[in-house]
Structures are given as structure tokens and as C-alpha cells.
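Keep the structure open beside you as you read.

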Amino acid sequence: MVFANNHEFKEACKEYGIKHRYQIHFPTNDKKRVKATHFKKCGWYIWASKLNPKDPTYMSMQIKSRKFEHACGKVFTNFHITSKWLASHYLEIFRHDPDWSIPGIITRVKAYTLTINPIKAWRARELALKAINGDEAVQYGRYILDTGNKAIITMLEMIRNKLMTKLFKKRDMKQKDSSQTPPMPTRATQETLHD
Ligand SMILES: [Zn+2]
């Protein structure tokens with residue numbers, strides 16, 4: 001198998017690691033040779049080196065040797081799943097759904113049977129939206145703030161209404177109490193009631 005350069009080879013290894021729940025790292029890592037091993041040092045490895053080491057312009061790499069068996073367990077986190085990886089990996093979803101919820105993102109990543117925390121999901125969405133909209137990302141942030149303010153006002157309105165209802169109920173009860181003890185309500189009280 002031939003890769004365009006060492007970067008492509010490493011990306012392929014990381015992608016493999018994410019999909020199969022192994023954390024891969026690169027103890028040897030230069031333009032001529034890259035060794036990928038499992039972080040758990042279980043024996044799994046791939047050596048890749050330049051197809052033509054004497055030609056500095058030709059960056060293609062090929063696999064020279066490998067051992068594809070793991071003598072270890074899988075993990076549920078992966079340090080290659082960065083917010084940047086998430087942003088680019090799911091860029092099209094973010095493009096179609098800029099409001100993609102944090103739990104939604106986390107659930108999606110669980111397809112890899114991997115867990116990410118909400119902050120990472122949130123950062124991924126921020127990065128993706130910035131990449132998609134450029135400066136518009138800032139406006140989008142303002143838009144969220146506006147909606148947030150509206151929601152708070154609505155909430156306050158609801159609380160106020162509840163308080164008013166409570167107040168009216170109290171007034172009604174007071175009125176009932178007073179009705180049990182005549183004399184008749186004064187003109188002023190009647191006016192207040194019909195307000
Ligand atoms: Zn392993």
C-alpha cells in the first residue's frame with residue numbers, strides 16, 4: 001500500500017485507531033520513516049518508509065513491515081478525537097444543521113463506541129461553524145445570545161404571571177372571607193375587582 005506522504009499515512013493510522021478503538025502513536029516520525037505503534041505497546045505496529053529515499057521531491061511512502069495483531073483491550077476514549085477532528089469529520093452535518101445539539105454530537109460519536117465530553121463537542125461545533133461561516137460565526141454567536149435573552153424574558157414573564165395569579169387568588173380568598181362577614185363591599189372595592 002502506498003501513501004502520498006507521511007502525513008497521509010499517519011492520518012490513515014489515526015482513522016484506523018478511531019474506528020477500531022485503538023490509540024495509535026508514532027515513536028518514529030520523520031519525512032523518511034514513520035513507525036506507528038499501539039499506545040498500549042501490545043506489539044501491533046506498522047513501519048512505513050519512503051519509496052525512493054534518495055529523491056527529496058518524491059514523498060510517497062509504503063508499508064515495509066507490520067504486525068496487525070493486537071494483544072490488548074480496546075479503550076473508550078481516543079486522543080485522536082480532537083475537536084478539530086470532529087469539526088472536519090462532521091463538517092457537512094454542521095453545514096446542514098448549525099444547531100446540531102451537543103447531545104446529538106456525542107451520540108453520533110458513540111457510533112464509534114467512543115465517548116467525548118460536552119466541552120469537546122461544543123468546541124467542535126464552534127470550530128466547524130467558524131470554518132463554514134468565517135466571520136458569520138461571530139454573528140451566529142450573537143444570534144444565540146439574542147435567543148437566550150428572549151428565553152429569559154419569556155421565563156420572567158411566566159414567573160410574573162404565576163405571581164400575579166397567586167396574588168389574585170389571595171385577593172379572592174380575602175374577598176370570600178370578608179363576604180362571610182357583612183356589611184356589603186364598598187364602592188371602592190367593587191371598582192378594584194372589576195379592573
Ligand atoms: Zn493493541
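Arginine 95 sits in helix α3, which covers residues 91-96. Helices here are DSSP runs of H or I with at least four residues, strands are E runs of at least two, and both are numbered from the N terminus. Arginine 95 counts as partly exposed because 14 other C-beta atoms lie within 10 Å. For that count, 20 or more other C-beta atoms within 10 Å means buried, 12 or fewer means exposed, and partly exposed is in between, with C-beta atoms placed from the backbone. Arginine 95 and alanine 131 are 36 residues apart along the chain, and their C-alpha atoms are 9.6 Å apart.

A quick word on what you're looking at. This is a predicted model, so local features need pLDDT of at least 70 and side-chain atom pairs count only at 80 or more, while totals for chains, interfaces and linings use all residues. Residues are numbered from 1 along each chain as its sequence is written.

Now for the overall layout. The protein has seven helices and five strands, and 15% of its 195 residues count as buried. The five strands form an open sheet in the order β1-β5-β4-β3-β2, with antiparallel pairing; two strands pair if DSSP finds at least two bridges between them. The edges are β1 and β2, each pairing on one side only. β1 pairs with β5 over two bridges, and phenylalanine 3 has methionine 61 in β5 as its bridge partner.

| β1 | 2-3 |
| β2 | 24-29 |
| β5 | 61-67 |

Next, the inside. A nonpolar core is a set of buried Ala, Val, Leu, Ile, Met, Phe, Trp, Tyr and Cys residues joined through C-beta atoms within 7 Å. The largest one has 13 residues, and Ile81, Ala87, Ala124 and Ala128 touch the most other members. Helices α2, α4 and α5 each supply at least two residues of this core, with α5 giving the largest share, five residues. Apart from this core lies another of 10 residues, including Phe9 and Cys13.

Buried residues in α5 include Ala121, Arg125 and Leu127.
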